[in-house]
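Let's take a friendly walk through a protein chain together. Have a look at it first, and then read on.

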Amino acid sequence: MSLFVIYGFDTASTLAEETRDPRRAAPKAVLYAVVGAFIIGGVFLLGTLVAIPAHLGVKGAMAANGGLGLGPAQIIEANFSSAFATIYLLVVSAAIFVCCLSIMAATIRLCFGMSRDNTLPISKVLSKVSPKLHTPVWTCIVIAVIAAIPFLQYSGAGIIAIAATGTIYISYFLGNIIIMRARARGWPRTAAPFRLGRWGMLVNILALIYGGAMIINFAWPRAASNPKPNQTGGLLDFHISFLNGIPILWTVFVFIVVIGVIYYLAAGRRKEFAPIIAPAGDDAPLVTERGSAKDG
């Protein structure tokens, strides 16, 4: 649930450049996505809790499957006939498929945008748009290949979701730190179509508190939400003994940091970035052309 809620508003913001009047439309889309996911998801979760088989109870459902918990699909199958449960799950699968397509579209758009700014490896290739298809074809291919890597050894959708959601929370947390630093220096100084005004700093602080709490929640080593590979019942095996004894999210985070540091030291710190041009009448960019934080 948290995976699709977090990506719901992330997709809206990432694809904002493809919309008309994005400075007005994108913030509204983000808010609608959060509110809609909260209401619809809350109703679904409440219904799922109520539908837990009576002989198990909530504690029994949490302890099922070796401590991983009783999944929604199992609860659905326990309450409906086999045929109806299959139809229901097919509808759910179609909905998840559509969500995954939107996530892929947002990831492709984000990769293209970062490549256009020359911040990724092979940015020149990834930022090239096909004149016939009007699409960054190589970006689509690269994202598809990277997304398929976990399926070399399928580890279960829940485990993949843990790593994906935990790392995206870390990204948002880091972004909020930078935004709060800018707010402390007086940003924004000009009015925008959508603005928080005097509530900006308070919302920023609450976002950091919430984000930090969620990162701790995701990273806490426990079988139900951040299991070690040797606690997944064979769903995941790194084939390296010491890695199989480390919580999954920890391994994913360290791997991403190591790859990022290697790339930065090898090529990233020597890259030239395009100058950042703010819209007319807007605040000056928060970074200089070299990518360092501005003092003003």
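From the N terminus on, the elements run α-α-α-α-α-α-α-α-α-α, which comes to 10 helices and 0 strands. Helices here are DSSP runs of H or I with at least four residues, strands are runs of E with at least two, and both are numbered from the N terminus. This is a predicted model, where local features need pLDDT of at least 70, side-chain atom pairs count only at pLDDT 80 or more, and totals for chains, interfaces and linings use all residues. Residues are numbered from 1 along each chain as its sequence is written, and side-chain values use heavy atoms, leaving out hydrogens and water.

Of the 296 residues in the chain, 25% are buried. Buried means under 20% relative accessible area, exposed over 50%, and partly exposed in between, with a 1.4 Å probe and protein chains only.

| Helix | Residues |
|---|---|
| α7 | residues 137–148 |
| α9 | residues 200–219 |

Which residues of α9 are buried? They are Gly200, Asn204, Leu208, Gly211, Gly212, Met214, Ile215 and Phe218. Seen down the axis of α9, these buried residues fall within an arc of 165°, so they line one face of the helix. The arc is taken from the directions from the helix axis to the C-beta atoms. On the other side of α9, Ile209 and Ile216 are exposed.

Helix α7 is the place of threonine 139. Threonine 139 counts as buried because its relative accessibility is 0%. Leaving aside neighbours within four places in sequence, threonine 139 is in contact (heavy atoms within 4.5 Å) with Ile108, Cys111, Phe112 and Leu126.

Notes
The expected span of a helix is 1.5 Å times one less than its number of residues.
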